[in-house]
2 protein chains.
Amino acid sequence: MSKRSRAPAMRDVARLAGVAPMTVSRALSGHPSVRAETRKVVVRAANKLGYVHNFMASALLRRGSKLIALVVPNVSNSVFAETIHGLEEVLSVEGYTLTIGHSGYSKDEEERLVRTLLGYGPDGVVLTGLTHTRATRSLLTRAGVPIVETWNIGSKPIDMAVGFSNFDAAFQATEFLIRRGQKLLAYAGGTQTDNDRTQAREAGFRAAVAKAGLEVREDWVSTMPMELSSGVELARRFAEMNRKPDALFAASDVIASGFILECNRLGVRVPGDIAVTGFDDAPLAEVIEPQLSTVHVPQREIGRLSASLILRRLAGEQHVPTVHDVGFRIVSRASA
Amino acid sequence: MSKRSRAPAMRDVARLAGVAPMTVSRALSGHPSVRAETRKVVVRAANKLGYVHNFMASALLRRGSKLIALVVPNVSNSVFAETIHGLEEVLSVEGYTLTIGHSGYSKDEEERLVRTLLGYGPDGVVLTGLTHTRATRSLLTRAGVPIVETWNIGSKPIDMAVGFSNFDAAFQATEFLIRRGQKLLAYAGGTQTDNDRTQAREAGFRAAVAKAGLEVREDWVSTMPMELSSGVELARRFAEMNRKPDALFAASDVIASGFILECNRLGVRVPGDIAVTGFDDAPLAEVIEPQLSTVHVPQREIGRLSASLILRRLAGEQHVPTVHDVGFRIVSRASA
DNA sequence: TTGTAGGCGTTATCAG
DNA sequence: CTGATAACGCCTACAA
């Protein structure tokens with residue numbers, strides 16, 4: 001155990017098995033032209049030595065690194081965590097591993113990350129959103145591997161896109177509130193910077209309000225971190241206003257939930273005094289009291305589907321459709 | 001853009017810059033012995049071609065892959081998401097990238113993953129928990145890179161450990177309930193299989209109950225997925241019992257929160273009818289009504305610290321302590 | 001300060 | 001069915 005030499009390589013397995021390294025390569029990768037007998041000897045030798053396949057060498061030959069690069073804005077946001085889970089679920093079965101970077105909602109940071117991740121010769125790349133720097137797009141195009149942009153659709157993707165129309169979803173969620181008779185609409189969304197999903201949601205909100213002939217009061221529109229505390233703060237702010245909204249569309253269940261919990265505490269009735277609609281359909285949405293009306297989004301499915309599109313491409317399939325709309329669903333519960 | 005050839009390599013940059021590949025290597029890696037003039041020419045050529053450094057080739061030379069391998073039980077569990085965030089935060093600054101695998105709480109799957117991840121020649125490995133298969137331990141020991149086991153301390157680590165005593169934390173949380181005068185204690189924890197953290201927490205609970213001369217009723221002890229719905233189900237189950245507990249220690253805030261929300265719905269008063277203590281100090285804990293007493297754990301700090309220990313080791317520091325107790329804190333709020 | 005030779009571990013290709 | 005050779009992109013060691 002004190003031998004701090006190098007890990008056993010194919011040549012070591014080959015020596016022990018009494019064959020050439022090439023035969024080991026074939027035997028271990030399941031090449032059909034290896035005699036069953038030979039294969040057995042090789043496998044036994046490999047196990048005995050604790051041989052671990054070196055992906056870096058294969059990657060160098062551009063024969064597939066079995067790596068998929070992923071860039072998300074924020075690893076600890078639960079919606080992306082679900083998407084990562086979905087990706088992992090499908091990819092790990094085929095022996096792929098994820099390399100992850102988080103951009104912190106910055107397109108420049110995303111560019112830096114993509115550059116770094118491409119240095120590992122990934123067999124595919126998964127990004128969040130549709131807007132990127134020119135350099136990012138160009139790097140990815142040249143990489144010549146399948147690229148999937150997730151969580152939004154609308155503009156032309158670099159290669160493939162898996163998501164839904166954030167604009168339409170927000171538009172319909174807002175119309176849902178308006179149909180209930182609410183006229184004084186407030187909006188709370190995540191930070192706008194470099195975030196096309198949030199931008200589309202706010203645009204959808206504004207469009208629905210305008211279509212109904214209503215007005216958007218700018219002091220009822222807030223962008224804040226997607227955290228429970230943001231919702232809490234918002235509820236307090238509304239409580240102090242003279243003119244209060246009668247409905248809130250929060251572009252995140254987390255914000256909406258914080259808002260409802262604080263309303264309960266302040267004695268503001270939901271939906272009596274203010275109706276609330278969220279976004280994402282987080283687990284909390286159907287457990288909170290009152291249950292939260294929201295936009296259901298197949299978070300994990302986005303990951304699963306992205307993974308399988310990449311796998312299909314890598315398997316040589318030619319006609320993989322480029323834009324996948326996974327849809328959304330307005331979920332009507334007690335809060336609105 | 002339709003040229004599907006290969007990505008530019010050093011030799012291409014060299015050709016364009018009119019120097020040898022070796023000079024490109026030195027110029028780009030900031031080697032001091034390169035003339036400023038030459039460096040400028042090289043950098044310009046590299047940018048022009050969109051050169052991306054190939055980490056796989058450097059890794060092959062055993063010069064460091066700039067990759068850190070991470071194995072977590074579950075990517076979408078928010079406590080691990082926070083730890084991943086902490087790791088990323090520190091590692092990305094130094095140009096490291098994470099490769100991630102999820103074991104689904106299976107030690108055999110963990111072994112498979114470690115084997116795969118080691119194939120990328122990571123410069124460090126981060127695991128969750130202290131129990132692993134023999135083969136896992138042996139693979140990691142032989143790898144000769146810094147290893148950190150996280151989220152628990154107690155037994156001897158493979159190399160380094162960053163965490164806290166789950167036993168002590170659960171013990172103290174239970175004593176906290178007992179000091180309040182509760183005598184009929186229930187426990188709800190995550191799945192036991194291959195999970196030393198959960199096992200230690202249950203053991204801590206039992207030890208505290210025994211120490212107080214009380215008894216553990218086995219029908220009040222449940223292991224269930226760490227989800228809100230588990231807490232909801234538990235509240236319903238208790239409501240139908242003839243003999244009910246007067247306190248619940250849930251080894252997860254998620255379960256505790258689901259429990260409280262359902263109690264509110266059922267008209268069961270917290271803490272009047274049943275006191276509740278959670279674990280983790282999730283954001284929801286201080287927003288829920290009543291606010292949740294819990295065990296605060298520095299989730300993100302576990303990631304940050306693990307990362308910096310690895311970096312210190314890689315920087316050649318010899319005397320990096322092997323066991324880091326990040327501690328915990330009993331947080332007293334309204335629910336108990 | 002810059003260049004040349006060789007090899008890291010694997011696999012495509014061609015020979016046997 | 002198995003083996004020898006060369007090459008993937010980079011960097012250490014040595015030379016100029």
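In the predicted model, a polar side-chain atom of Thr38(B) is placed 2.3 Å from a phosphate oxygen of DNA strand C, a polar contact being a pair of N or O atoms within 3.5 Å. In total, 26 residues surround DNA strand C, a residue being near a strand if one of its heavy atoms lies within 4 Å of it. The closest are Arg11(A), Tyr51(A), Thr23(B), Arg26(B) and Thr38(B). Of the atoms of DNA strand C that come within 4 Å of the protein, 68% belong to sugar and phosphate.

The surface near DNA strand C receives at least two residues from each of helices H1 (10-17), H2 (21-28) and H4 (55-60) of chain A and from helix H2 (21-28) of chain B; helices are DSSP runs of H or I with at least four residues, numbered from the N terminus. By class, this surface has 12 nonpolar, 7 polar and 7 charged residues, where Ala, Val, Leu, Ile, Met, Phe, Trp, Tyr, Cys and Pro count as nonpolar, Asp, Glu, Lys and Arg as charged, and the others, Gly among them, as polar.

The structure holds 5 cavities of 30 Å³ or more. A cavity is a set of points, on a 1 Å grid over the protein atoms alone, where a 1.4 Å probe fits but cannot get out, and its lining residues have an atom within 4 Å of a point. Volume is the space filled by probe spheres set on the points, which are joined across faces, edges and corners. The largest cavity has a volume of about 120 Å³, and its lining includes Trp151(A), Arg201(A) and Asp280(A). Helices H5 (78-93) and H9 (196-211) of chain A each give two or more residues to this lining, with H9(A) giving the most, 3 residues. The lining comprises 5 nonpolar, 3 polar and 3 charged residues.

Residues are numbered from 1 along each chain as its sequence is written, and chains are lettered from A and ligands numbered from 1 in the order in which they are written. Local features need pLDDT of at least 70 and side-chain atom pairs count only at pLDDT 80 or more, whereas totals for chains, interfaces and linings use all residues; side-chain values use heavy atoms, with hydrogens and water left out.

How values were computed:
Polar contact = N/O pair within 3.5 Å; in protein donor to acceptor, adjacent residues only side chain to side chain. 1 Å grid on protein atoms, 1.4 Å probe; cavity = no way out; pocket = protein on both sides within 12 Å on 5 of 7 lines; lining within 4 Å.
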